[in-house]
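Hi,

Here is the structure I promised to send over. Have a look at it first, and then read on for what turned up.

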Amino acid sequence: MSGGAEVGTAYTDSTGAFTAPVEFTRIEAGPHTVVAECGVRLTGAVDQVVTRSSGGQTSTLVILVFFVLAGVTVIRFR
């Protein structure tokens, strides 16, 4: 559970160990506490980070066009 919502399910193995994928239904940047209850209450922290990229593809396209034009120029003047 995190913030009162179920974010995953896990089952223990014969030694009592478990792993669980955690899936949040809403993305909210910041720290979130995740609680697992199985006779004892286990808590852990998860930090959600929201990133955004703008212009990354444009610069790659400009560099690609530059090298294509440079290659055409070299081939043409050989």
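A salt bridge here is a side-chain nitrogen of Lys or Arg within 4 Å of a carboxyl oxygen of Asp or Glu. By that criterion the structure holds two salt bridges. Please keep in mind that this is a predicted model.

One of the salt bridges links Glu 28 and Arg 26, with 1.7 Å between the closest N and O atoms. Glu 28 is partly exposed, at a relative accessible area of 32%, while Arg 26 is exposed, at 57%.

Glu 37 and Arg 41 also join their side chains in a salt bridge, at 3.0 Å from N to O. Both Glu 37 and Arg 41 are exposed.

Now to the strands. Strand β1 (residues 30-37) and strand β2 (residues 41-48) run antiparallel and are joined by eight bridges. If you want a spot to start looking, Val 34 has Gly 44 in β2 as its bridge partner. The hairpin of β1 and β2 has three residues between the strands, and Gly 39 takes a positive phi near 90° there.

Finally, the helix. Where does Leu 69 sit? Leu 69 lies in helix α1, which covers residues 56-76. Leu 69 also belongs to a nonpolar patch on the surface, along with Leu 61, Leu 64, Val 65, Val 68 and Val 72. Together these residues have about 550 Å² of accessible area. Leu 69 counts as exposed because its relative accessible area is 52%, and the cut-off for exposed is over 50%.

Technical notes. Residues numbered from 1 in each chain as written. Predicted model: local features only at pLDDT ≥ 70, side-chain atom pairs only at ≥ 80, totals over all residues. Heavy atoms only, no water. Patch = residues over 30% accessible without salt bridge, like charges linked within 9 Å, V, L, I, M, F, W, Y side chains within 5 Å. Areas by Shrake-Rupley, 256 points an atom, 1.4 Å probe, with all protein chains shown as cover. Helix = DSSP H or I, 4+ residues; strand = E, 2+ residues; numbered from the N terminus. Buried < 20%, exposed > 50% of the residue type's maximum accessible area, 1.4 Å probe, protein only. Pairing = 2+ DSSP bridges.
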